[in-house]
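User: I'm new to this one. Could you walk me through it?

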Amino acid sequence: MGTMVTRYRIEDEVGRVLTEDGFFSYDSDDALEFRSEAAAIEEASSFTGTSVETFQRYSAVPDLITTRIFSIERSAA
């Protein structure tokens, strides 16, 4: 069982995505994914003429589970 999760990627002015290797590619499957919009914005500031784009993809492990476990651990402390 899985769910859709929101991710962020950095795109340049012609629609290429930033890859893990630090290069831009037209293949969106190679995109470096960020779970946090703030982290993506920080990384994008290193590249002139880029923007942070939001997209959704299928994930077997939803982010909500991690967030919920963290919240339960914090309230138990």
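Analyst: One term to start with: buried means under 20% relative accessible area, exposed means over 50%, and partly exposed is in between (1.4 Å probe, protein chains only). What you see is a predicted model, where local features need pLDDT of at least 70, side-chain atom pairs count only at pLDDT 80 or more, and totals for chains, interfaces and linings use all residues. Residues are numbered from 1 along each chain as its sequence is written, and side-chain values use heavy atoms, leaving out hydrogens and water.

User: What share of the 77 residues counts as buried?

Analyst: The cut-off is under 20% relative accessible area. Across the 77 residues of the protein, the buried share is 23%.

User: What pattern does the protein follow along the sequence?

Analyst: Helices (H or I, at least four residues) and strands (E, at least two) are DSSP runs, numbered from the N terminus. The protein has 2 helices and 4 strands. Read along the sequence, they give β-β-β-α-β-α.

User: How many residues apart in sequence are the parts that Phe24 and Phe47 tie together?

Analyst: Rings of Phe, Tyr and Trp (its six-membered ring) pair if their centres lie within 6.5 Å; planes under 30 degrees apart are stacked, over 60 edge-to-face, the rest tilted. The structure holds 1 aromatic pair. Phe24 and Phe47 make an edge-to-face pair, 5.5 Å centre to centre with 90° between the planes. Phe24 lies in strand β3 and Phe47 in the loop between α1 and β4 (51–59), so the parts tied together are 23 residues apart.

User: Is Phe47 buried or partly exposed?

Analyst: Phe24, its partner, has 23% relative accessibility and counts as partly exposed. At 24%, Phe47 also counts as partly exposed.
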